[in-house]
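Hi there,

Here is the structure I promised to pass on. Have a look at it, and then read my notes below.

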Amino acid sequence: MINAGNYAGIQTNFNKEMGAALPLDKSSEFFKGLTQQMGKIRKLGKPQPVGEAMVFPAEFEKDTLDMEITLDGRA
């Protein structure tokens with residue numbers, strides 16, 4: 001969704017707290033800036049658990065960053 005620029009689609013996966021902390025205008029600005037600086041995501045590496053989160057090495061066109069994803073209990 002990041003590569004396609006579907007920031008509203010990403011926003012639908014946020015829980016209430018995350019949506020309040022990072023509304024669509026701010027999250028869109030963040031993801032656009034990330035793509036401009038790093039390029040598109042080429043691939044995600046094997047996730048590693050870190051506390052309650054999973055960290056994926058994200059290989060972008062220009063560099064690699066760790067992407068942390070934390071899930072809550074909603075289905």
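**What I found**

Met 54 has Ile 69 in β4 as its bridge partner. This is a predicted model, so local features need pLDDT of at least 70 and side-chain atom pairs count only at pLDDT 80 or more, while totals for chains, interfaces and linings use all residues. Residues are numbered from 1 along each chain as its sequence is written, and side-chain values use heavy atoms, leaving out hydrogens and water.

Strands β3 (residues 53–60) and β4 (residues 64–70) pair in the antiparallel sense over 7 bridges; pairing takes at least two DSSP bridges between two strands. With 3 residues between them, β3 and β4 form a hairpin. Helices (H or I, at least four residues) and strands (E, at least two) are DSSP runs, numbered from the N terminus.

Now the rings. The structure holds 2 aromatic pairs, meaning ring centres of Phe, Tyr or Trp (its six-membered ring) within 6.5 Å, with planes under 30 degrees apart called stacked, over 60 edge-to-face and the rest tilted. Tyr 7 and Phe 31 are stacked, at 5.8 Å centre to centre and 10 degrees between the planes. That pair links distant parts of the chain, 24 residues apart: Tyr 7 in helix α1 (residues 7–11) and Phe 31 in helix α3. Phe 30 and Phe 31 are edge-to-face, because their planes stand at 70 degrees, with centres 5.2 Å apart.

Tyr 7 is buried at 11% relative accessibility, and Phe 31 is buried at 10%, whereas Phe 30 is partly exposed at 46% (buried is under 20%, exposed over 50%, partly exposed in between; 1.4 Å probe, protein chains only).

Best wishes
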